[in-house]
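Work through the exercises below with the sequence and the structure at hand. Try each task before reading its solution.

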Amino acid sequence: MAEILEAFTPGSPIDDKDLFAGRKRQREKLISTIFQKGEHAILLGERGVGKTSLANIVYDWLQIMGKFNYRRAKVNCASGMSFDDIWRTAFNQITFENPDGETLTLDGALPKNPTSENIRETFQLMNDRSIIIIDELDKIGDKRVQRRLADTVKTLSDNAIGTTLIMVGV
C-alpha cells in the first residue's frame, strides 16, 4: 500500500521521468525548443493537465540524450512578486566560480531594479546554456511585470542568448 501511495501522487507534479507517460509530441517540441538558441516555450492549459510535470522532467530527458551542460532554475510565482523577485529567485539557484575560486550565485550580479537588458547581461556571464522555468505565471497579475518579462524574452531571443525560458501558466 505504501508503494502505491508513493507512486500515485495526484496532488503534486511528477518529478521523475519514469513516472511521466504520454505527451510525446509536447515533450519533443519542448526539447526541440531548448536546442534552438533564441527560442522559448510557453506551456498553457487547464490546472492538472501536466504542464508543471512536463517542465520539471525536461532536464532528465536532456541528460538521457547526453546533454549535461545546462544550468537550471525554477521559480514558482506568487501573487505580488515583482520582476526583480522572479529573477533574483532564479539567479540565486545558479552558481559559478569566480577567478579567485569562490562559488557565487548569479543574483549577486544583478543591479537593483534590473531591466531586461540586465537579465541578458547576467546570462552572458555564464559559459553554459541554461533553462529557467517560471511556473504559475498566471499569478503575476501586474501588467508591468508581465510586460518586463515579455521584454526579457525579446532581448534574449534577439541576442541569441543560450538560455531557454519555459513559462508555465493557466
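Patches are made of residues with over 30% relative accessible area and no salt bridge, where like charges are joined within 9 Å and nonpolar side chains (Val, Leu, Ile, Met, Phe, Trp, Tyr) within 5 Å. A salt bridge is a side-chain nitrogen of Lys or Arg within 4 Å of a carboxyl oxygen of Asp or Glu. Accessible areas come from the Shrake-Rupley method with a 1.4 Å probe, and for residues only the protein chains shown count as cover. The model is predicted: local features need pLDDT of at least 70, side-chain atom pairs count only at pLDDT 80 or more, and totals for chains, interfaces and linings use all residues. Residues are numbered from 1 along each chain as its sequence is written, and side-chain values use heavy atoms, with hydrogens and water left out.

**Exercise 1.** Find the residues that form a nonpolar patch on the surface, and decide whether isoleucine 64 is buried or exposed.

Solution.
- The patch consists of Phe35, Ile64 and Met65, which together have about 280 Å² of accessible area.
- Isoleucine 64 belongs to helix H3, residues 51-64 (helices, H or I, of at least four residues and strands, E, of at least two are DSSP runs, numbered from the N terminus).
- Its relative accessibility is 55%, so isoleucine 64 counts as exposed (buried is under 20% relative accessible area, exposed over 50%, partly exposed in between; 1.4 Å probe, protein chains only).

**Exercise 2.** Describe the open sheet and locate its edges.

Solution.
- The strand order is E1-E6-E5-E2, with parallel pairing (two strands pair if DSSP finds at least two bridges between them).
- Strands E1 (41-44) and E2 (70-76) are at the edges; each has a single partner strand, so one side of each lacks a neighbour in the sheet.
- Strands E5 (residues 129-135) and E6 (residues 163-169) are joined in the parallel sense by five bridges.
- Opposite isoleucine 134 stands methionine 167 in E6.
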